[in-house]
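Please keep the sequence and the structure in view while reading.

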Amino acid sequence: MTFLIVGGSGFLGSELVRQVKAAGHTTVATYASKPGNSTPDAWRRLDLRDAESLDSVVADAQPRVVINASSGRADWAITAEGPVQLALVTAKRGTPLVHVSTDAVFSGAGTRYDESRLPDPVTPYGAAKAAAETGILAVHPKAVVARTSLIIGHGLSVHERLVHELAAGTTDGALYTDDIRCPVHVSDLAAALLELADGSAAGIHHVAGSDALSRHQLGVLIAERDGLDASRLPTGLRADSTTAGPLDIRLDSQATQRHLRTRLRGARDFLSSTAAARHKG
């Protein structure tokens, strides 16, 4: 069985490649600028804005499943339009598609969000992601749209690197105490996405961790795990900053969790247990 991992050079994409290979399947991974550190069976360069290239990559790979783990930030052509084109190509071929979306499609005004809540983004990135969700499900109704939150793991995420830089004083910034999310471990997320890719799921699913934490609380857990001085982490309020963004988004993943073998651990679980194991060793 062949899996096509779009965005295979990224943090989540690399973990998907690793797990698919460990399960004994063939992996074809795409990159936008350069291949990543993972080792799929084949790399393919792909620009999601290029419909002809996209069709060619899918035709050559002949995948059993396509998982889109790419990130184009607020670039509308890549983040909103590209995934819809991918959905058109996969729908035409009858290929299952799992598209990774984000909690940023919500404003945070309602605090807790299950799959029935309608998107109300307040940032360009969130708006692009919300548009992609709508377009994908319009042209490929059997596709899975998996919304997730801050992705953590193995010390390699942008959030973990930021904590190290802030603790070392090598970068400016602050960890907001009023910005609440439900962080998820990259290994848990990848495993859950592969379960959702088996063909029996469709529509919108929430795949986030079970703990709601502020970005500062998350930073403290990371610092404690890695033996850093958490007191050196600067704090702030997003409400007082010039950086637009939602304040409190708690993805409710209970409905999806009931159908998964993979347990979507909370950050207190996967970070604190790692810290305990490190100190014991």
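Start with helix α2 (residues 51–61) and helix α3 (residues 76–93), whose axes come within 10 Å and cross at roughly 40°. The axes here are lines fitted to C-alpha atoms, for helices over the stretch in contact, and angles run from 0 to 180 degrees between N-to-C directions. That angle makes α2 oblique to α3; angles under 35 degrees count as roughly parallel, over 145 as roughly antiparallel, 65 to 115 as roughly perpendicular, and the rest as oblique. The crossing of α2 past α3 is right-handed, a term used if the near helix is turned clockwise from the far one by less than a right angle.

On the α2 side, the contact (heavy atoms within 4.5 Å) is made by A51, L54, D55, V58 and A59. On the α3 side, G82, Q85, L86, V89, K92 and R93 take part. An α-helix has 3.6 residues a turn, so residues three or four places apart point the same way. By class, the residues of this contact are six nonpolar, two polar and three charged. Ala, Val, Leu, Ile, Met, Phe, Trp, Tyr, Cys and Pro count as nonpolar, Asp, Glu, Lys and Arg as charged, and the others, Gly among them, as polar.

The model is predicted, so to read it: local features need pLDDT of at least 70, side-chain atom pairs count only at pLDDT 80 or more, and totals for chains, interfaces and linings use all residues. Residues are numbered from 1 along each chain as its sequence is written, and side-chain values use heavy atoms, with hydrogens and water left out.

Next comes helix α7 (residues 215–225), which is mostly covered, with eight of its eleven residues buried. Buried means under 20% relative accessible area, exposed over 50%, and partly exposed in between (1.4 Å probe, protein chains only). The buried residues of α7 include L218, V220, L221 and I222. H216 also lies in α7 and counts as buried because its relative accessibility is 18%. Beyond its neighbours within four places in sequence, H216 is in contact with L175, Y176, T177, L233 and T235. After α7 comes G227, whose phi is positive, near 70°.

Finally, the whole chain has nine helices and 15 strands, where helices (H or I, at least four residues) and strands (E, at least two) are DSSP runs numbered from the N terminus. Of its 281 residues, 51% count as buried. Among contacts between residues at least 6 apart in sequence, 76% join residues at least 24 apart.
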